[in-house]
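Please keep the sequence and the structure in view while reading.

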Amino acid sequence: MGDEKVKNEAMEIMGLFQVLPRLVVFDLDYTLWPFYCECRSKREMPSMYPHAKGILHALRDKGVDMAIASRSPTRDIAETFINKLGIKPLFVAQEIFSSWSHKTEHFKKIQQKTQVPYESMLFFDDEDRNIESVSKMGVTSILVNNGVTLGAFRQGLTQFSQGPTSSKRDKKK
């Protein structure tokens, strides 16, 4: 599925919801792209997961702000790849720092920069421990297995629309 087709489908998905997040935050490694930055070289041309770029462009076109929260010992490589992929202008905040930090530190800095309340944020990451810690802050958080997909995107918007208390438990209707 091409970027444009994914973007159109993501726009349709967003159209199903009355309320959208004010800020969508993405991890990088194994969320937007299928590798760890520290295992790659700046000289390489990175690639993203098949749905990632289309979803990013749909959010931009819908006027939803985006940010990056990533733990990486090789911030320089991550930033080089963001530039090479042409996605840097899409993000209002980029918090990429030490692999020893907690994602909660990234979110505190993102919140200070953007002034967006945690309850108005949606977060995608591939690590359960990050999902758990960030959810406790009030952020709707979605665990992805093979990168951000249209299915994960729909799940995130669904959980977000149900409010912050639904993030970790299944609502029966």
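Is Q115 buried or exposed? The structure is a predicted model, and in it Q115 has a relative accessible area of 54%. Because the cut-off for an exposed residue is over 50%, Q115 counts as exposed. Q115 is located in the loop between α4 and β4. Its phi is positive, about 65°, although Q115 is not a glycine.

Helix α4 covers residues 103-114, and T114 belongs to it. The side chain of T114 reaches back to the backbone oxygen of I110, at 2.8 Å. Apart from neighbours within four places in sequence, T114 is in contact with L23, V92, A93 and M121.

Strand β4 comprises residues 121-125; five of the five are buried, so the strand is largely enclosed by the rest of the structure. Both of its faces are covered, with M121, F123 and D125 on one side and L122 and F124 on the other.

Strand β1 (residues 23-26) runs parallel to β4 and is joined to it by four bridges. Within this pairing, F26 stands opposite F124. Four bridges also join β4 to strand β5 (residues 140-143), and these two strands likewise run parallel. Here D125 has L143 as its bridge partner. Between β4 and β5 the chain passes through helix α5 (residues 128-135), and this β-α-β crossover is right-handed.

Y30 is found in the loop between β1 and α2. Its phi is near 60°, which is a positive value in a residue other than glycine. With a relative accessibility of 28%, Y30 counts as partly exposed, because this class lies between the limits of 20% and 50%.

## Helix α1

Helix α1 consists of 13 residues (residues 3-15). At 1.5 Å a residue it should span 18 Å, and its end C-alpha atoms are 18 Å apart, so expectation and model agree.

Which residues of α1 are buried? They are V6, K7, A10, I13 and M14. Seen down the helix axis, the buried residues of α1 fall within an arc of 120°, and therefore they line one face of the helix. On the other side of α1, K5, E12 and G15 are exposed. The cover over the buried residues of α1 includes α2 (52-62) and α6 (150-161).

Conventions
Residues numbered from 1 in each chain as written. Predicted model: local features only at pLDDT ≥ 70, side-chain atom pairs only at ≥ 80, totals over all residues. Heavy atoms only, no water. Expected span 1.5 Å × (residues − 1). Buried < 20%, exposed > 50% of the residue type's maximum accessible area, 1.4 Å probe, protein only. Arc of directions from axis to C-beta. Contact = heavy atoms within 4.5 Å. Pairing = 2+ DSSP bridges. Right-handed = clockwise from strand over helix to strand, strands pointing away. Polar contact = N/O pair within 3.5 Å; in protein donor to acceptor, adjacent residues only side chain to side chain.
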